[in-house]
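Please walk through this structure in terms of its ring contacts, its strands and its charged pairs. The account below takes these topics in that order.

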Amino acid sequence: MVFVLDPYLFDLRAVLGGAPLFDAIRHRPEKGTRFVLVPRHGGPARIVEHPALVHVHVANAFEDGPDTVVDLVLFDDFATVKRDLAEFRTRFTALPASRLTRCRITPSGRVIETPLSDLSGEFPQYDQRLATRPHRYSHLAGRTGPHGEYDSIPKIDNDGGRSWAHGFGTGTYVGEPIFVPPRTPPRTTDGCSPSSTSPPSTGRSSPSWTPATSTARPSPPAPAAPPAARLPRHLHPPHRRPRRAHPAPRPPARPLTSRA
């Protein structure tokens, strides 16, 4: 197991005094970030010290020879992230620039950071049949420009250094996607990325199913918004879904035995 512990500290006195949760978070960069590697079958944990990072979500982690690899989304500015999360009802779409980054932890304790894409995004997802193993593609809720809403689903080629994006139109907020593999064949390049989209004109959320292959277009610019999916009416609620709702996949019918 891998834990990435950034120096976010809670001011308990502020919480007990009635302060909002995010107001009680203190960022102490001088304490640095700790990667905690816990053996699956027991034994002492290994702690690797690193200069302070700013992240919220981890994608996957796996062993690559003697190294441990962790993919996560990094932000440059904690103050802006904290402000936007605290005021998510009005500012959540203004999250600062971010980048999907691969952190490689060597046996000597060195941490090598490698950006996997220059597209901003959050909520990284992948084919979870490959959890704890190398995975080639990552999907995020993101944007193709430097500012604005998360209006697209970027697809990142972790090995090839390429990225694509499927756009849903200006002003449409895209929630967290999740990769759904096909029944056959079990390749990670197939499947689809369902997500919840919130067009500004409707005031409600709608489900969208984006074939993973349809994101295979160089970005930017993002392609035009796709037509609405033909889904049962009960999947089209008359309201907005929470912007940060985390979807979860159904357990696969059979394990994936080879990397695609």
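Rings of Phe, Tyr and Trp (its six-membered ring) form a pair if their centres lie within 6.5 Å; planes under 30 degrees apart count as stacked, over 60 as edge-to-face and the rest as tilted. By this rule there is one aromatic pair. The pair consists of Y8 and F78, which are stacked, with 5.3 Å from centre to centre and 25° between the planes. Y8 belongs to strand 2 (residues 8-10) and F78 to helix 2, 70 residues apart, and the pair links these distant parts of the chain. Helices (H or I, at least four residues) and strands (E, at least two) are DSSP runs, numbered from the N terminus.

The model is predicted: local features need pLDDT of at least 70, side-chain atom pairs count only at pLDDT 80 or more, and totals for chains, interfaces and linings use all residues. Residues are numbered from 1 along each chain as its sequence is written, and side-chain values use heavy atoms, with hydrogens and water left out.

How accessible are the two rings' residues? Buried means under 20% relative accessible area, exposed over 50%, and partly exposed in between (1.4 Å probe, protein chains only). Y8 is partly exposed because its relative accessible area is 29%, whereas F78, with a relative accessible area of 14%, is buried.

The next topic is the sheet. Two strands pair if DSSP finds at least two bridges between them. Four strands make up an open sheet in the order 10-11-12-13, with antiparallel pairing. Strand 10 and strand 13 (163-167) stand at the edges; each has a single partner strand, so one side of each is left without a neighbour in the sheet. From one strand to the next, the twist averages 30° (axes are lines fitted to C-alpha atoms, for helices over the stretch in contact, and angles run from 0 to 180 degrees between N-to-C directions).

Strand 11 has neighbours in strand 10 and strand 12. With strand 10 (residues 120-125), strand 11 pairs in the antiparallel sense over four bridges. Four bridges also join strand 11 to strand 12 (residues 152-157), and these two strands run antiparallel. Which residues does G142 face? On one side G121 stands opposite G142, and in strand 12 S152 stands opposite G142.

Why is strand 11 described as largely enclosed by the rest of the structure? Seven of the seven residues of strand 11 (residues 137-143) are buried, so the strand is largely enclosed. Y137, H139, A141 and R143 point one way from the strand, while S138, L140 and G142 point the other way, and all are buried.

Y137 also takes part in a contact with a charge. A charge sits over a ring if NZ of Lys or CZ of Arg is within 6 Å of the ring centre and within 35 degrees of the ring normal. The charged end of K155 sits over the ring of Y137, 4.5 Å from its centre. The charged end of K155 also sits over the ring of W164, at 5.9 Å from the centre of that ring.

The remaining charged contacts are salt bridges, each being a side-chain nitrogen of Lys or Arg within 4 Å of a carboxyl oxygen of Asp or Glu. The structure holds 10 of them. One joins E30 and R28, whose closest N and O atoms are 2.4 Å apart. E30 counts as exposed because its relative accessibility is 54%, and R28, at 34%, counts as partly exposed.

Another salt bridge joins E49 and R34, at 3.1 Å from N to O. E49 lies in strand 5 (residues 46-50) and R34 in strand 4 (residues 33-37), so this pair ties together parts that are 15 residues apart in sequence. E49 counts as partly exposed at 45% relative accessibility, and R34 is partly exposed with a relative accessible area of 40%.

D76 and R99 form a further salt bridge, with 2.9 Å between the closest N and O atoms. D76 lies in the loop between strand 7 (67-75) and helix 2 (78-86) and R99 in strand 8 (residues 98-105), so the pair ties together parts that are 23 residues apart in sequence. D76 is exposed at 60% relative accessibility, while R99 is partly exposed at 24%. D64, D67 and R104 are linked in a network of salt bridges.
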